[in-house]
Amino acid sequence: MSIQFMSERLKQLHCRVVELLGWSEQAGIKQALGYSLAYLEGRDPFQARAPDTYLSPLLAFLTDHLDEEARLLEVGAGTGRFTIPLAKAGFHVDAVEPAATGLETIAEKARQLGLEDRIQCLCGSYDCLGDLDSGAYDGCLALQSIMYCDDLDTVRTRVAELSRLARSVIAFDLVSKYGYIFAGVPDVPATMETIRTIYEQGTMPGKDTHRKERLCFATYDQVAELVAQSPLSSPRMLPVGYDMVMGCRLPAAEATIVDEFFRTDPNMRDLSMFFLVLANSQSHPEGGTKRSGQVPQNS
Amino acid sequence: MGLPHLTIRFIDESLRGLGKASTRQLQRGIARGNWSEEWREIARYELAYRRCATLMSEAEGDLYLRRILPYLKSTVGAGGSVLDIGAGAGRLAIALARCGFELHAIDPSPSALCRLRKRAVREGVEGKLHMYCGRACDLRRFPDGAFDCCLSIQTLMYCMDAGATRSFMTTCVRLARKAVCIDMVSKYGALMAGLEEIRPCASDHLSLWRCGRILRPGGGGSERFQCMTTDEFRHMLAKAGLVLDCIAPVGYRQVVLKNRKGGCGCEELEHIFEGDPRASELSLFILGLCRTT
């Protein structure tokens with residue numbers, strides 16, 4: 001049975017949608033398409049996911065290790081959740097994001113805040129980083145982005161790539177496996193299949209037909225192992241976002257207190273929502289702009 | 001149709017008055033604050049049992065029974081006597097009586113025991129059931145080794161200080177000839193469960209984490225409870241002179257599925273996490289199955 005189109009415009013729309021979906025499937029960029037639409041509608045799915053408590057340890061780490069004018073590469077910039085505060089802190093940020101509509105939002109925000117000369121918007125994904133020169137940046141950041149892949153091997157490759165590009169420091173995060181299972185995340189269907197898959201395989205099958213995201217999870221020990229195998233030195237692993245797992249979003253100040261407290265308990269470390277990794281890049285022995293400050297070892 | 005002869009023995013006469021008090025009187029007593037904290041707690045339970053048939057869901061009861069039943073069959077043997085401390089409306093007591101155990105149920109709430117009695121008659125196990133209305137302190141009236149097993153499910157956590165916990169444990173060990181089945185709220189489970197008792201504020205979470213206690217009363221049922229890590233619980237049982245045969249996580253569902261829509265079986269979760277020490281800290285309750293020496 002075929003569909004009869006009563007309007008030529010709707011028919012054209014349908015043809016374009018089919019073409020677009022088919023093309024994005026082949027090109028493997030369905031995710032970018034989904035985010036493009038979300039950003040276009042003014043939604044930022046990451047806004048609800050990333051805890052506010054990322055920013056203070058991240059900024060403290062970067063200002064400790066880099067000069068104010070340092071160049072940063074941020075992969076998966078979204079709508080500038082981290083880009084804008086980093087630029088405000090004086091850094092020059094190259095924001096890489098596969099969804100151009102997110103970059104348009106960043107550009108608009110930058111214009112309003114007079115930060116245009118500090119932010120450069122690059123539409124791309126992890127696949128495009130190979131074209132960039134080694135050691136082109138003082139620091140590379142991948143927040144809420146590196147985990148959108150199939151497995152930890154891909155994460156390892158991405159960390160190595162970021163490490164190649166960064167002269168001095170890198171920062172990235174991963175989702176905690178136990179944190180996610182116990183978090184009661186509203187967008188995860190509570191089927192045994194989902195929970196079992198996340199628990200046993202450490203990945204989540206694509207749940208949204210538009211975004212088709214795949215998410216890779218890790219335990220604290222797995223992240224520690226991944227970091228140890230990567231070209232990173234003096235890594236520091238911070239569990240972040242306990243309040244998200246506890247099912248209550250605390251105000252940023254309170255969430256910071258909870259994060260700092262629970263961090264001291266080794267039994268609690270698998271129970272945060274994310275692990276934020278802050279480390280020195282070993283790939284470039286000449287180092288970055290401030291070599292004096294080594295990252296303190298995680299106690 | 002009248003109930004057959006099945007009496008509730010009031011060990012504590014003052015509890016008879018609690019059963020006769022009107023709902024309004026109890027609400028006023030709780031609100032005014034001139035009753036002791038223990039009495040307010042008991043009154044809250046009395047009110048809760050007047051409202052609902054049982055405070056423990058069938059699924060939750062099944063999780064406990066899955067662990068307790070085989071253990072009792074092997075250590076106590078069918079027909080053995082079991083004292084169910086804090087039996088409530090008898091979610092566990094009835095099931096155990098049905099399996100042939102001689103059940104002695106004690107609870108401070110007369111309404112809970114009335115519900116238990118009705119249930120026993122419905123299930124045809126009234127001949128296996130003895131009911132006592134009393135508080136934890138009334139347990140001292142039973143002689144040493146009066147029962148084969150002491151079952152204390154979701155009661156020990158309401159002992160609010162170390163002294164009360166110690167004396168409760170001593171009593172359990174004294175009364176049980178063969179086995180003690182007892183549980184505690186898991187500290188990490190409670191922290192992660194998003195319990196409605198804990199307000200979304202940092203200080204409550206930190207106080208639970210630091211002192212293992214929630215001290216603020218309110219709402220229906222009891223909201224003051226203590227919790228322990230598995231190691232702390234293990235240590236407490238050993239200190240009471242019990243030989244721990246098995247420690248079992250109970251109730252991942254409340255922790256894992258707190259904000260999720262859609263149902264899934266509780267038991268399946270226990271299977272998924274079976275044998276994972278990191279996950280076992282994350283059930284809401286820890287159940288200890290022990291022998292007396």
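## Confidence in the predicted model

Chain A of this predicted model has an average pLDDT of 84, and 87% of its residues score at least 70. Where pLDDT is low, the predicted coordinates should not be read in detail.

## Overall make-up of chain B

Chain B contains 13 helices and ten strands. Of its 293 residues, 45% count as buried. Among the contacts in chain B with a separation of 6 or more, 75% are between residues 24 or more positions apart.

## A helix pair between the chains

Two packed helices are described by the angle between their axes and the distance between the axes. Helix 12 of chain A (residues 252-262) packs with helix 9 of chain B (residues 202-211) at an angle of about 15 degrees, and their axes are 9 Å apart. Because an angle under 35 degrees counts as roughly parallel, helix 12 of chain A is roughly parallel to helix 9 of chain B. The crossing of these two helices is left-handed.

Helix 12 of chain A contributes Glu254(A), Ile257(A), Val258(A), Phe261(A) and Phe262(A), which meet Ala202(B), His205(B), Leu206(B) and Trp209(B) of helix 9 of chain B. By class, this contact has seven nonpolar residues, one polar residue and one charged residue.

## A helix pair within chain B

In chain B, the axes of helix 2 (residues 23-32) and helix 3 (residues 37-51) come within 9 Å and cross at roughly 145 degrees. Helix 2 of chain B passes helix 3 of chain B in a left-handed crossing.

On the side of helix 2 of chain B, the residues in this contact are Thr23(B), Leu26(B), Gly29(B) and Ile30(B). They meet Arg40(B), Ala43(B), Arg44(B), Glu46(B), Leu47(B) and Arg50(B) in helix 3 of chain B. Divided by class, the residues of the contact are four nonpolar, two polar and four charged.

Thr230(B) lies in helix 10 of chain B, which covers residues 230-239. Thr230(B) counts as buried because 20 other C-beta atoms lie within 10 Å, and the cut-off for a buried residue is 20 or more.

Beyond its neighbours within four places in sequence, Thr230(B) is in contact with Ile247(B), Ser280(B), Glu281(B) and Ile286(B). Pro277(B) is 47 residues away from Thr230(B) along the chain, and the C-alpha atoms of the two residues are separated by 9.7 Å.

Key:
Residues are numbered from 1 along each chain as its sequence is written. Chains are lettered from A and ligands numbered from 1 in the order in which they are written. This is a predicted model: local features need pLDDT of at least 70, side-chain atom pairs count only at pLDDT 80 or more; totals for chains, interfaces and linings use all residues. Axes are lines fitted to C-alpha atoms, for helices over the stretch in contact, and angles run from 0 to 180 degrees between N-to-C directions. Helices (H or I, at least four residues) and strands (E, at least two) are DSSP runs, numbered from the N terminus. Angles under 35 degrees count as roughly parallel, over 145 as roughly antiparallel, 65 to 115 as roughly perpendicular and the rest as oblique. A crossing is left-handed if the near helix is turned anticlockwise from the far one by less than a right angle, and right-handed if clockwise. Two residues are in contact if their C-beta atoms, placed from the backbone, lie within 7 Å. Ala, Val, Leu, Ile, Met, Phe, Trp, Tyr, Cys and Pro count as nonpolar, Asp, Glu, Lys and Arg as charged, and the others, Gly among them, as polar. pLDDT is the predictor's confidence in each residue, from 0 to 100. A residue is buried if 20 or more other C-beta atoms lie within 10 Å of its own, exposed if 12 or fewer, and partly exposed in between; C-beta atoms are placed from the backbone.
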